[in-house]
Amino acid sequence: MAGETVSRRVARRMAEGNPAGLLYGAILTGAVMSATAGHVATAYGVIGPCLFVVAVYWLADIYVRVFAGPFRDGRSPLSHRLRAAAGHESRVLLGGVPALVLLVVTSLVGVKASLAVDLALWLTVVELGGVAYIAGRYVGSSRAAAFRESLAAALLGVLMVVAKSFLH
């Protein structure tokens with residue numbers, strides 16, 4: 001849209017997609033990282049379980065939308081429902097990407113597994129807080145109010161960082 005700022009465009013595109021799915025993907029990835037990091041020898045050993053859990057959650061979301069949707073939305077062909085659900089729920093897959101990419105990159109440059117996972121978890125904290133900040137600004141909150149909301153949203157990520165310490 002003409003005259004739209006970059007930050008407004010990002011927020012609008014996020015709102016048009018599935019921001020809840022994005023958050024779920026980040027939360028699931030962080031939770032699996034927290035739970036598995038101490039049980040594998042390398043950071044790469046964390047990636048498989050993360051991908052598996054996020055993929056199962058994504059498929060479960062698709063399944064629920066496809067087969068429960070007719071109760072709410074009426075009749076439509078299965079193929080249409082599958083395409084629409086897969087597209088809408090793809091944000092679940094994207095939510096975990098930043099942490100997983102950071103995990104791979106830090107591992108490739110020789111960072112020890114525990115630190116690589118910690119860095120990925122802290123990136124998840126930033127992602128959760130960042131989405132909340134963008135949402136707050138999108139709906140017209142002041143910068144200060146959006147920042148307070150981002151801090152509240154980031155607490156779940158901090159909980160995952162702390163849980164990793166207690167679990168291992």
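Helix α6 (residues 113-138) has 26 residues and spans 37 Å from its first C-alpha to its last, close to the 38 Å expected at 1.5 Å a residue, where the expected span is 1.5 Å times one less than the number of residues. The model is predicted, so local features need pLDDT of at least 70 and side-chain atom pairs count only at pLDDT 80 or more, while totals for chains, interfaces and linings use all residues. Residues are numbered from 1 along each chain as its sequence is written, and side-chain values use heavy atoms, with hydrogens and water left out.

Among the buried residues of α6 are A116, A120, L121, T124, L128 and A132, buried meaning under 20% relative accessible area with a 1.4 Å probe and protein chains only. The cover over the buried residues of α6 includes α1 (6-16), α2, α3 (44-73), α4 (78-95), α5 (97-108) and α7 (143-167).

With α7, helix α6 packs at an angle of about 155°, their axes lying 7 Å apart. That angle makes α6 roughly antiparallel to α7, a term for angles over 145 degrees. The crossing of α6 past α7 is right-handed, and α6 is followed by G140, whose phi is positive, near 100°.

Helix α2 (residues 19-36), which is part of the cover over α6, contains T36. At 16% relative accessibility, T36 counts as buried, and the side chain of T36 reaches the backbone oxygen of V32 at 2.7 Å.

Technical notes
Helix = DSSP H or I, 4+ residues; strand = E, 2+ residues; numbered from the N terminus. Buried < 20%, exposed > 50% of the residue type's maximum accessible area, 1.4 Å probe, protein only. Polar contact = N/O pair within 3.5 Å; in protein donor to acceptor, adjacent residues only side chain to side chain. Contact = heavy atoms within 4.5 Å. Axes fitted to C-alpha atoms, helices over the stretch in contact; angles between N-to-C directions. Parallel < 35°, antiparallel > 145°, perpendicular 65-115°, else oblique. Left-handed = near helix turned anticlockwise from the far one by under 90°.
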